[in-house]
Amino acid sequence: MSFADIIFYFFSAVLVASALGVITARNPVHSALLLVLAFFASAGLWLLLEAEFLAITLVLVYVGAVMVLFLFVVMMLDINLARLREGFWKWFPFGLLLGLLMSIEMAMVLTGKQFDAGGLPAPAARAADYSNTKELGRLIYTEYVYAFELAAVILLVAIVAAIALTLRQRSGSKSMDVAKQVAVKREDRIRIVSMASEKKE
């Protein structure tokens, strides 16, 4: 067994254990931290696959931004854990059935012909100046440019929809009217009162 195999099995074990911890931990903060550990283990596996750009992107985007946001939301909101666990056993059979179906699908995919590596030649060794970031950019903006643009449009629609949902009129909420603020005159805000001066005796 080579050193690369040992590193692969180490990161794989950490990834599986942390993923199980995410769904079994009772504290949501612990679940978020275990998810951060799972992201780091996934980044390590991508480094072994010589996908440095994807590994760094995973750490910077998900661990550095998304998970920090999750932790802030989880810690700032007063989550009633007892209320969340009330319907656990009610939905347990449905969740078990769904997990079983997903396991069957994964088994069918992994036993398919596309995962049969027998008889395939070993990948060619890359040159020292090879950049997978450059190759990824070339593929995205040439062969997969339409799919890339479609994904960008879908993300833009999702952002606009999220903003539109937050801008709904709610009772008791205060909002600014920029037109009224610009049209305000001095006489509307300031009242000058003439008062007689007082003399000290």
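Mentor: Start with helix H2 (residues 28-48) and helix H3 (residues 52-76): their axes come within 9 Å and cross at roughly 175°. Helices here are DSSP runs of H or I with at least four residues, numbered from the N terminus. Axes are lines fitted to C-alpha atoms over the stretch in contact, and angles run from 0 to 180 degrees between N-to-C directions.

Trainee: Why is H2 called roughly antiparallel to H3?
Mentor: Angles over 145 degrees count as roughly antiparallel, under 35 as roughly parallel, 65 to 115 as roughly perpendicular and the rest as oblique. The crossing is roughly 175°, so H2 is roughly antiparallel to H3.

Trainee: Which residues of H2 and H3 make the contact?
Mentor: Contact means heavy atoms within 4.5 Å. Among them are Phe39, Phe40 and Trp46 of H2 and Leu58, Tyr62 and Met67 of H3. By class, this contact of H2 with H3 has 21 nonpolar, one polar and one charged residues.

Mentor: Before going on, this is a predicted model: local features need pLDDT of at least 70, side-chain atom pairs need 80 or more, and totals for chains, interfaces and linings use all residues. Residues are numbered from 1 along each chain as its sequence is written, and side-chain values use heavy atoms, leaving out hydrogens and water.

Trainee: What makes H3 and H6 roughly perpendicular?
Mentor: H3 and helix H6 (residues 132-140) pack at about 90°, with axes 8 Å apart. That angle falls in the perpendicular range, so H3 and H6 get that label. Glu52, Phe53 and Leu54 in H3 meet Asn132, Thr133 and Leu136 in H6.

Trainee: How do you know that Arg138 forms a salt bridge with Glu135?
Mentor: A salt bridge needs a side-chain nitrogen of Lys or Arg within 4 Å of a carboxyl oxygen of Asp or Glu. For Arg138 and Glu135 the closest N and O atoms are 2.7 Å apart, so the pair qualifies. The structure holds one salt bridge. Arg138 and Glu135 are three residues apart in helix H6, so about one helical turn separates them.

Terms used: Helix = DSSP H or I, 4+ residues; strand = E, 2+ residues; numbered from the N terminus. Nonpolar A, V, L, I, M, F, W, Y, C, P; charged D, E, K, R; others polar.
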